[in-house]
Amino acid sequence: MSETLLEVKNLKQYFNVRTNVGKFASLKAVDDVSFDIGRGETLGLVGESGCGKTTVGRTILRLYEPTAGQIIFDGEEVTKKNITRMRKQMQMVFQDPYSSLDPRMTVEDIIGEPLDVHKLYTNKKERREKILDLMQTVGLNAEHATRYAHEFSGGQRQRIGIARALAVNPQFIVCDEPVSALDVSIQAQVINMFEELQEKLGVAYLFIAHDLLVVHHISNRIAVMYLGKIVEIADADELNDHPIHPYTESLLSAVPIPDPNITRARKRIVLEGDVPSPLNMPTGCPFRTRCRYATERCSAQCPPLTDRGTRHLVACWEK
Ligand SMILES: Nc1ncnc2c1ncn2[C@@H]1O[C@H](COP(=O)(O)OP(=O)(O)OP(=O)(O)O)[C@@H](O)[C@H]1O
Ligand SMILES: [Mg+2]
């Protein structure tokens, strides 16, 4: 087991939002989430749209001030005071490489910005060398340094975004659906690059994605989120082969498997009903309104995440 790099403890992120009747309400985007990530490890984070994945990533980097909970990085709590220093260790790559990069900035300016912010060079020449090095690391042609972001394709823009994240030499990167906006043909290339960078640099990832196949491929462990809570977290193969939570089961049943014998064995489970609004959460277990195993206990009390052995944690009363 790798040494712990990041600990997230009982993290909560509630947003104050105005409802359609004009009143304010608390939207529980992330509700009591805990996990840890080891050095050089990848934790995959999956779940339906709106379940809180991006909010977890952004709150870890304190792009949002947490409502409650702790983020401990390399033994030190991340606070408002030390966040500038901490950002040298923790970076983020965003989902949409079109909106996350300023199209009027050159590649050189985009990658150079974090170098400027953290004063990571002594002279112009060194700055330029670092930028060209980073471009090479992510497979960008050095001759393109003076071109503008809008001149590049989605895949290339994502490489620029990754070079920018790597500029400060971080130990941890939140990768927020970094390939879902890209053409399928480009996705594998970019995923491979994330893996190669990890091998070379030993960086740890929180890898957010919709696609369980992608997550299974890249992750050491996987956490499954539903309505602001983690419902299951386990080793990637263990979760894939022996899912316990009914929600994880249904997610996995939708993943196509190349082997026709297995496909037949794994029956497709279609969930009934819609995801409840995070403004109007069910009592007890958040998944119970769509769960075929739900009992009275599930409406009365929210099940805690409990270890079912070998670090396989599940939040369910009935399974
Ligand atoms: N800044 C904000 N203010 C108010 N509500 C927000 C804010 N950001 C997110 N939310 C709400 O919090 C919930 C979780 O959103 P989040 O973007 O984290 O989900 P997600 O799992 O990343 O979804 P997707 O897969 O679509 O990216 C949603 O209900 C969303 O509407
Ligand atoms: Mg998101």
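**Entry 1: a β-α-β unit**

I started with β7, α6 and β8, which make a right-handed β-α-β unit. I kept in mind that this is a predicted model. Strand β7 covers residues 172-176 and pairs with β8 in the parallel sense, over five bridges.

Next I followed helix α6, residues 184-201. I noted 18 residues and a reach of 26 Å from the first C-alpha to the last, close to the 26 Å expected at 1.5 Å a residue.

**Entry 2: strand β8**

Are the residues of β8 buried or exposed? I checked residues 204-208, and five of the five are buried. Then I asked myself which residues sit on each face of β8. On one side I found A204, L206 and I208, and on the other Y205 and F207, all of them buried, so that both faces are covered.

I also looked for another partner of this strand: β3, residues 42-46, pairs with β8 in the parallel sense over four bridges. Here T42 stands opposite Y205.

**Entry 3: around ligand 1**

Last, I turned to ligand 1, which has 13 residues around it. Of these, F15, A29, S49, T54 and T55 come nearest. The elements that give two or more residues to this shell are β1 (4-18), β2 (24-38) and α1 (53-60). Which of them gives the largest share? I found that α1 does, with three residues. Sorted by class, the shell has six nonpolar, six polar and one charged residues.

Note on methods. Residues are numbered from 1 along each chain as its sequence is written. Chains are lettered from A and ligands numbered from 1 in the order in which they are written. This is a predicted model: local features need pLDDT of at least 70, side-chain atom pairs count only at pLDDT 80 or more; totals for chains, interfaces and linings use all residues. A residue is near a molecule or strand if its C-beta atom, placed from the backbone, lies within 6 Å of it. Ala, Val, Leu, Ile, Met, Phe, Trp, Tyr, Cys and Pro count as nonpolar, Asp, Glu, Lys and Arg as charged, and the others, Gly among them, as polar. The expected span of a helix is 1.5 Å times one less than its number of residues. A residue is buried if 20 or more other C-beta atoms lie within 10 Å of its own, exposed if 12 or fewer, and partly exposed in between; C-beta atoms are placed from the backbone. Two strands pair if DSSP finds at least two bridges between them. A crossover is right-handed if, with the strands pointing away from the viewer, the path from the first strand over the helix to the second runs clockwise.
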